[in-house]
Amino acid sequence: MKKYILIADDSDVIRSIVEQTLRLYHYDNIITAIDGQDALGKAKENKNDIALYVFDVNMPKMDGISLVKEVRAFDSTTPIIMLTTETDKAKMMTARDNGATGWIIKPFQGDKFIRVVEMYLKP
Ligand SMILES: [Mg+2]
């Protein structure tokens with residue numbers, strides 16, 4: 001049974017908002033990463049146990065789009081939600097072409113975020 005949600009965002013604030021929101025809705029198995037490279041390492045380590053990825057688009061070391069490409073090389077099916085801003089819309093198309101499943105525009109409301117998460121976690 002896949003249980004982890006892997007969150008990658010270079011912003012401490014966004015990371016903790018996402019984590020707190022998930023915990024509020026009783027998603028307690030969370031792995032956090034501070035940039036794309038950190039996320040890739042953690043994705044590989046836990047690849048058989050990850051139910052959902054949540055990736056920021058703009059991160060140091062490795063951006064979210066490159067991260068999607070790298071993860072899709074060994075995991076073609078687990079949903080990937082991108083965290084993006086209004087101005088990143090062109091990048092979203094690129095992310096989708098590379099295998100991202102959906103996206104959430106920042107800033108977001110907790111209940112809307114959870115609705116998207118639940119949509120992609122459903123079998
Ligand atoms: Mg960022």
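Ile65 is found in helix 3 (residues 64–72), where helices (H or I, at least four residues) and strands (E, at least two) are DSSP runs, numbered from the N terminus. Residues are numbered from 1 along each chain as its sequence is written. This is a predicted model, in which local features need pLDDT of at least 70 and side-chain atom pairs count only at pLDDT 80 or more, while totals for chains, interfaces and linings use all residues.

Visitor: Is Ile65 buried or exposed?
Guide: A residue is buried if 20 or more other C-beta atoms, placed from the backbone, lie within 10 Å of its own, exposed if 12 or fewer, and partly exposed in between. Ile65 has 24 other C-beta atoms within 10 Å and is therefore buried.

Visitor: Which residues does Ile65 touch, not counting residues up to four places away in sequence?
Guide: Two residues are in contact if their C-beta atoms, placed from the backbone, lie within 7 Å. On that basis, and with residues up to four places away in sequence left out, Ile65 touches Val57, Lys91, Thr94, Ala95 and Asn98.

Visitor: How are helix 3 and helix 4 oriented to each other?
Guide: Axes are lines fitted to C-alpha atoms, for helices over the stretch in contact, and angles run from 0 to 180 degrees between N-to-C directions. The axes of helix 3 and helix 4 (residues 89–97) come within 9 Å and cross at roughly 5°. Angles under 35 degrees count as roughly parallel, over 145 as roughly antiparallel, 65 to 115 as roughly perpendicular and the rest as oblique. Helix 3 and helix 4 are therefore roughly parallel.

Visitor: Which residues of helix 3 and helix 4 make the contact?
Guide: Helix 4 contributes Lys91, Thr94 and Ala95. From helix 3 come Gly64, Ile65 and Val68.
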